[in-house]
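The following paragraphs lead the reader through the interface of a two-chain model. Please consult the structure alongside the text.

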2 protein chains.
Amino acid sequence: MLHWLRGYRRAALPGDIGAGVVVAMMMIPQGMAYALVAGLPPVAGLYASILPPLVYALFGSSMTQSVGPMAIVSLMTAAAIAPLAAPGSALAGVLAAQLALVAGGVLLLCGLLRLGFLASFFSRPVMSGFTVGSSFVIAWGQLKPLLGGTPAHPHVPSALLGLGSLLLLVLARFGLAPLLQRLGLKKGAADVVAKLAPMMVVLLSIVLVAQLDLPALGVAVTGPVPTGLPQLNLATSPAHWNALVQPGLLIGFVVFLISMSAAQSLAQKRGEKLVSNRELVGLGAANVASMVSGGFPVTGSLSRSAVNFAAGANTPLASVISAVLLALALVLPTGWLALLPLPTLAATIIVAVLGMLELATLRTAWDYDRGDALAWLVTCVGVLALGVEAGVIVGVVLSMGTLIWRASRPHIAVLGRIPGTEHFRNVERYAATTCATVLFLRIDANLFFGNVDAVNERIEDELRAHPSTRHLVLVMSAVSSIDTTALFALSELNASLRTRAVKLHFAEVKGPVMDRLRASNLLDQLSGRIFLSTAIASDFLNHPPEKDD
Amino acid sequence: MLHWLRGYRRAALPGDIGAGVVVAMMMIPQGMAYALVAGLPPVAGLYASILPPLVYALFGSSMTQSVGPMAIVSLMTAAAIAPLAAPGSALAGVLAAQLALVAGGVLLLCGLLRLGFLASFFSRPVMSGFTVGSSFVIAWGQLKPLLGGTPAHPHVPSALLGLGSLLLLVLARFGLAPLLQRLGLKKGAADVVAKLAPMMVVLLSIVLVAQLDLPALGVAVTGPVPTGLPQLNLATSPAHWNALVQPGLLIGFVVFLISMSAAQSLAQKRGEKLVSNRELVGLGAANVASMVSGGFPVTGSLSRSAVNFAAGANTPLASVISAVLLALALVLPTGWLALLPLPTLAATIIVAVLGMLELATLRTAWDYDRGDALAWLVTCVGVLALGVEAGVIVGVVLSMGTLIWRASRPHIAVLGRIPGTEHFRNVERYAATTCATVLFLRIDANLFFGNVDAVNERIEDELRAHPSTRHLVLVMSAVSSIDTTALFALSELNASLRTRAVKLHFAEVKGPVMDRLRASNLLDQLSGRIFLSTAIASDFLNHPPEKDD
């Protein structure tokens with residue numbers, strides 16, 4: 001904990017300060033916008049941007065991760081709360097904080113149980129399909145606030161402001177960085193400055209609203225924001241808590257997957273070490289902190305973390321600085337926030353999620369592995385057709401299905417002797433000679449419940465294909481572990497082969513596997529023998545010294 | 001379909017007839033008892049024992065599987081229906097039939113999607129813990145009907161009848177077969193005759209009820225049973241259908257797991273081939289047939305199938321014969337069934353599930369693999385504490401967690417050259433020499449989303465441990481496939497190493513893997529080279545012909 005602070009080098013300070021300022025400027029509009037996506041008052045997004053990154057800096061392992069509100073997690077928050085409370089209501093705020101507590105509790109528990117290995121749960125195509133589908137849902141949901149009404153019946157002043165903001169933001173996104181570079185800025189600096197455009201557009205829109213008195217024309221604004229920090233209130237009914245358990249679990253899961261994929265890609269750039277179990281604890285604590293400060297579920301965001309990284313962040317001190325700046329913004333008079341027009345916030349959301357609408361992963365998968373491309377499409381369509389929560393479940397089912405399917409296809413080779421040598425090789429790839437009564441099968445996978453059926457089936461197929469077999473030798477050179485299910489299966493195979501007058505032998509069993517097998521009674525019951533090598537087995541079984549079989 | 005009938009040999013007939021008669025005699029009390037477990041009128045158990053095995057004989061692939069009501073599936077049926085309808089009500093019957101339709105539909109769909117590989121979803125310890133927990137719940141639930149009241153306040157005539165039946169059944173279970181053997185019967189025949197004891201006890205109890213007019217004393221009996229076959233009625237509200245989707249899915253899943261584990265153990269005994277996708281279709285069609293005939297979810301039962309097997313069944317004709325006999329029993333006057341006392345049925349249930357309360361799996365796992373023993377305990381406690389549905393989910397989560405955990409631990413070895421040879425081996429196991437600037441890592445697993453994070457982490461660890469590395473050579477001799485996620489990861493590793501002035505090379509890439517990689521742009525971007533063998537890579541990188549590095 002805080003190991004980055006103990007070894008802090010002064011040289012890291014300028015980068016951390018610069019990144020802290022940039023990220024704070026990015027977080028103000030982003031936090032408020034994502035609070036709107038979550039169906040909460042915009043100020044909740046600021047609440048969720050202060051304590052969580054501070055707490056994450058204490059417990060997390062990433063040097064450059066920026067923890068706070070994030071579009072997809074906000075969408076999931078909205079989906080969880082929608083059946084229970086009206087958007088923007090006081091109850092919605094309380095439920096959102098509870099949801100952060102549930103998600104944070106799940107993450108902390110997983111961290112204590114050392115379940116960090118779950119980070120590799122989703123394949124890249126499933127994650128990408130989920131992200132693209134969710135981004136589309138988010139952008140679609142912002143059309144109404146952007147236009148102040150439906151596309152068929154827009155509110156003209158709102159639509160002008162919203163589309164104007166959108167135009168400015170799109171220009172800034174695609175044109176500002178190249179422009180600044182042509183004006184002499186370095187590429188990295190130009191990119192960082194371009195990321196401040198949303199803050200500039202928001203400030204500009206506030207000036208416009210104040211000067212033209214746009215609320216009088218019917219343009220929606222955020223309205224009065226309470227000064228200071230929020231009060232904690234979790235007094236809802238048990239029915240509310242119950243309804244939040246499942247969404248909280250799914251949100252905790254998605255928080256972890258999104259944050260890990262962001263943190264990993266940044267850690268790899270500098271060869272930094274990421275500890276997944278500490279990430280679980282860091283994210284869990286950050287979400288609990290979000291609950292305490294009246295926020296909603298938070299996670300590490302790739303777009304914000306990449307800006308933090310590019311702006312020169314060296315340690316979590318950058319996040320601490322940006323959190324302090326945000327807290328100052330809330331403690332100072334917040335009257336200016338009241339005039340922030342919602343169409344402009346909608347525009348910042350749409351531009352932010354445009355960046356997540358990438359099809360490169362789908363294209364690569366399509367060329368490289370059609371099955372992965374299908375997984376992308378099914379997940380994306382799942383989100384679009386069934387909603388974001390069902391989309392997560394679709395992703396889980398697809399990932400698990402793929403895992404089991406892969407596990408259930410172990411490689412098994414029939415071995416033959418390379419004439420004149422001691423070597424035994426796959427008869428399908430080498431000119432190797434076999435013997436009618438002795439069948440050698442090499443199992444190229446660890447034996448466990450996920451593949452014992454497949455191994456059994458293959459053994460039976462080979463026995464049918466080699467009906468004169470009297471000795472089956474399983475070559476275990478690639479088997480590093482045998483679980484209890486596989487132990488039972490081997491035991492039953494031995495018994496079944498015995499009734500069919502086939503002896504079961506093992507060859508080249510690894511030391512640790514042998515040690516484990518000695519703790520079972522498989523070796524006592526074995527109809528055959530254990531051979532050190534395949535060659536020894538072959539010599540012995542073809543010229544048995546005993547009267548046998 | 002029906003391939004067993006086309007090739008039917010007359011020699012198989014006596015065995016099939018004998019087994020058909022025995023199984024029918026076993027099915028009458030068992031079917032009625034399991035209908036009670038499901039919260040249905042006993043006759044529903046007979047309905048569920050006729051059409052389903054006939055349909056399974058048409059589509060299934062097992063030669064000796066006996067499909068019909070089964071204790072655990074009945075318990076799950078009761079759990080699904082309990083919130084919606086009173087036990088024994090007409091609505092409960094309708095909902096049970098609907099549930100069979102949902103479960104059957106799920107199974108058929110999985111069969112059409114060729115998801116048979118899901119049969120290896122549960123590890124043996126998880127399955128055993130689930131079975132033991134469920135058996136205990138079932139036995140516990142039968143205490144009240146056994147005693148006609150609570151243990152503190154039993155209904156004396158009912159309790160006498162129930163405990164008397166229990167005593168007879170326990171004696172028959174443990175003493176009858178040895179007794180018959182001592183009287184000269186063969187072991188197999190004695191076992192089969194002993195399995196008819198429940199039917200004998202049921203008949204005896206009916207005679208007692210009739211002679212002593214026990215219903216007048218308050219002993220509960222099944223009551224009038226409609227003659228003939230049931231009428232189909234699925235007219236319930238959409239809310240009912242919705243409430244049955246999730247339990248139907250879980251039941252379909254459990255039906256498949258239970259049936260496959262029974263069928264596999266029998267198929268192995270005779271070296272018969274089981275086709276898991278055909279099993280899905282057979283079980284799905286059997287459940288739809290159960291719906292049509294007013295039954296409830298059915299599955300293949302190990303205890304009944306083992307009797308079928310032991311009684312000499314050679315083909316599914318045995319099941320056809322037993323179904324015909326059961327249909328005859330229903331078409332003939334069924335007045336005798338009305339007098340069947342519930343305490344005796346409760347006793348048959350308790351004795352039936354006693355056979356499933358086995359701790360041998362736990363004991364073996366405890367000695368062999370403590371993690372597997374823990375999985376057993378967690379699943380069993382899950383069923384006892386949270387109910388049978390939650391128990392299935394606990395099992396799924398445990399199995400998936402184990403799968404991901406295993407996948408996330410690929411074996412990776414640092415290789416060195418055995419001095420004076422062309423051979424490269426794991427430096428931890430052989431006296432092999434390494435070179436400061438070239439690091440050889442052999443990856444002993446297929447690369448996919450489940451292990452890319454772990455592989456990446458290990459590579460970074462080794463690079464930290466070998467800071468003077470300028471060339472990283474991944475030895476791919478054991479890698480048979482690379483999925484899209486791993487392709488991205490390799491591409492990012494290449495880019496990240498390039499910024500750190502480390503070149504990435506591959507050696508011993510398998511032909512099919514190479515073909516796939518050529519469809520991607522990884523090879524174009526690669527900072528290093530592809531080498532045919534590790535030795536060639538070593539020679540080249542230590543004595544580069546070009547000015548390099």
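Buried area is the accessible area, taken with a 1.4 Å probe, that two parts lose on being put together, summed over both. Between chain B and chain A this area is about 5200 Å², and carbon and sulfur atoms give 56% of it. In chain B, the residues that lose the most area to chain A are Gln268(B), Tyr368(B) and Phe449(B), together 17% of what that side buries.

The model is predicted: local features need pLDDT of at least 70, side-chain atom pairs count only at pLDDT 80 or more, and totals for chains, interfaces and linings use all residues. Residues are numbered from 1 along each chain as its sequence is written, chains are lettered from A in the order in which they are written, and side-chain values use heavy atoms, with hydrogens and water left out.

Contact (heavy atoms within 4.5 Å) joins 59 residues of chain B to 59 residues of chain A. Six salt bridges are found across the interface, a salt bridge being a side-chain nitrogen of Lys or Arg within 4 Å of a carboxyl oxygen of Asp or Glu. Arg516(B) forms a salt bridge with Asp369(A), with the closest N and O atoms 3.9 Å apart.

How are the two chains related? The same surface serves both copies, since 100% of the contact residues of chain B recur in chain A.
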